[in-house]
Amino acid sequence: MALLDNMKVQKKRFVVITSKDLVEEDRQAFRNHGKLLEYDYHLVNVDFETLEFDYLVCDIREKSHREALIKHDLTNYQVVCYINFYEKAEEFVRQINERNPDANVLTKIPKRSINREYFEKSLLEEKLVSPSLVKQVLRVLFSCFFKQ
């Protein structure tokens, strides 16, 4: 029993960095598995450690949110970037990955999961992508073009 209690204490909370609006369905997915807190400017001088949350959502488009993310050491948290698919190459994603190499990038929040553990595992694991014929053809053409 003591071992289980220690595991619960050591479990990291999540900081979800978004660049797009959370829809109610996304919010509900988080609420189904823990306490969701959406960061707001009135929390600007409050340390993340003192806030009660399982999932803290920070919008990278907001200046006060960016300042809070810079100010706090995020190594004590699981970091997930929830972004649009075309933003994967953006500078802010690279900066977040430099500060937190274990950060994962998602374009969709997992909606269905059997329990909290599975939901959080889905947040942290990179999704497998299907092969793309178009990408393969473009790679071959580019490699042929640059060889000459």
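Colleague: Does Cys81 count as buried or exposed, and at what relative accessibility?
Modeller: This is a predicted model, where local features need pLDDT of at least 70, side-chain atom pairs count only at pLDDT 80 or more, and totals for chains, interfaces and linings use all residues. Residues are numbered from 1 along each chain as its sequence is written, and side-chain values use heavy atoms, without hydrogens and water. Buried means under 20% relative accessible area, exposed over 50%, partly exposed in between (1.4 Å probe, protein chains only). Cys81 is at 0%, so Cys81 counts as buried.

Colleague: How many disulfides does a search of the whole structure find?
Modeller: A disulfide is a pair of cysteine sulfur atoms within 2.5 Å. Cys58 is buried, at 0% relative accessibility. Over the whole structure, the number of disulfides found is 0.

Colleague: Which residues have the most contacts inside the largest nonpolar core?
Modeller: A nonpolar core is a set of buried Ala, Val, Leu, Ile, Met, Phe, Trp, Tyr and Cys residues joined through side-chain atoms within 4.5 Å. The largest has 21 residues. Most contacts inside this core belong to Val15, Phe48 and Leu69.

Colleague: What is Leu69 in contact with, leaving aside neighbours within four places in sequence?
Modeller: Contact means heavy atoms within 4.5 Å. With those neighbours set aside, the partners of Leu69 are Val15, Ile17, Phe48, Cys58, Ile60, Leu74 and Arg99.

Colleague: Where is Leu138 placed?
Modeller: Leu138 has a relative accessible area of 41%, so Leu138 is partly exposed. Helices (H or I, at least four residues) and strands (E, at least two) are DSSP runs, numbered from the N terminus. Residues 133-147 form the helix that holds Leu138, helix H6.
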